[in-house]
Amino acid sequence: MPASITVSSHPSVQYLLRIGDTCLIHAQRLAEWSGHAPIVEEDIALANMALDLIGQARAVLGRAGELEAELGGEAHDEDQLAFLRDERDFRNCTIVELPRGDFALTMLRNCALAIFLKLLWDGLAASSDGQLAAIAGKAVKEARYHEEHAAGWVVRLGDGTSESAARSKAALDVLWPYVAELFEDDAIDAAAAASGLGPRWSELRDGWHAAFGAVLAAAALEAPAERAFRSTGKAGRHSEHLGYVLAEMQHLQRAYPGGVW
Amino acid sequence: MSERNEWPLWEVFVRSKAGLDHKHCGSLHAADPQMAIQLARDVYTRRQEGTSVWVVRSDQITASDPGEKSSYFDPMEDKVYRHPTFYVLPKSLDHM
């Protein structure tokens, strides 16, 4: 088994890991639908979107690894960062690692994440890091489509049959406690804002609530009440689910180091 | 599956680039026009095949009857004079 790598704790690297890991784990959960979506057309659509997110993760993790070297540390490539880090070194938001649930939960989560990522990429398009700005310029188009696709489903299911409405409501109850983490600020956000690398994620809160709230209203769904609970995936303290995701995702590279198709 | 629960079928037409025709490329099931457009995008333009997509509900298309193929199309078989093959074209037009 190849040893796990340790990544730079520099705030800029950490900021990029939060973005890249959120895309990567989100993609991994979406890809679980391959062969299981309710219709073959959706199966293809979900796989497409998972691949979009993997592309975004590759670009951002690749940049994070380069940045480590630029800051005087050891460089890592995107594969090392994806497959050779331990759970505690992943910086994704907790919401993306939750089990995929039913189709209603997947669509609500896709919608929430697509709106969030769209706002984030919009902010990152003005990044002081030219490469990150270029990645964001391309990714924002993908996020816009992901939002359109998921929002359509949220409305269809929420404002659909009594069964689909009940499932949507239940899914929203499961996801809602993990939304607040997206907009929690810390020293890493402050450093990113100061260096011009990217926006504080708290700056995205109002825009997100406006856009997601509009989708919920059209879907005849109501946002659950805010609670004091805060998930902490961005700081590396994850739910019990991420370990299983990583076990599956990392198995091949850990068992056959450097293996390629 | 009962008909009540089955989503309607849509025919998908994709235009590969501006100036060209929309070409029929397949069909898919979707609940409404918006979903049909989105799914057409996901199923039929994954490899940059398109710049524009049309969808038409399959039941809105009136088609010729396969049973009438013999009376509709077979009579054209021996009318070679309808092909413009008796004109001699300049060599520079060899792609006509």
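First, what I call an element: helices are DSSP runs of H or I with at least four residues, strands are runs of E with at least two, and both are numbered from the N terminus. On that basis chain B has two helices and three strands, in the order β-β-α-β-α from the N terminus on.

Some housekeeping. This is a predicted model, in which local features need pLDDT of at least 70 and side-chain atom pairs count only at pLDDT 80 or more, while totals for chains, interfaces and linings use all residues. Residues are numbered from 1 along each chain as its sequence is written, and chains are lettered from A and ligands numbered from 1 in the order in which they are written.

Back to chain B. Its radius of gyration is 20 Å, whereas a compact globule of 96 residues would be near 12 Å; the radius is taken over C-alpha atoms, and the globule rule is 2.2 Å times the number of residues to the power 0.38. Along the principal axes, the C-alpha atoms of chain B fill a box of roughly 55 × 35 × 15 Å.

Now the two chains together. Eight residues of chain A are in contact with 11 residues of chain B, where contact puts the C-beta atoms, placed from the backbone, within 7 Å. Which helix gives the most to the side of chain A that touches chain B? That is α2(A), with four residues.

How does α2(A) pack against α1(B), residues 33-44 of chain B? The angle is about 65°, with the axes 9 Å apart; axes are lines fitted to C-alpha atoms, for helices over the stretch in contact, and angles run from 0 to 180 degrees between N-to-C directions. The two helices are therefore roughly perpendicular to each other. For reference, under 35 degrees is roughly parallel, over 145 roughly antiparallel, 65 to 115 roughly perpendicular, and the rest oblique. From α2(A), the contact takes Glu41(A), Ile44(A), Ala45(A) and Asn48(A), and from α1(B), Leu39(B), Asp42(B) and Val43(B).

Within chain A, α2(A), residues 40-70, also packs with α5(A), residues 130-158, at about 160° and with axes 10 Å apart. That makes the pair roughly antiparallel. Among the residues that meet are Ala45(A), Met49(A) and Asp52(A) of α2(A), and Leu132(A), Ile135(A) and His149(A) of α5(A).

Notes:
Contact = placed C-beta atoms within 7 Å.
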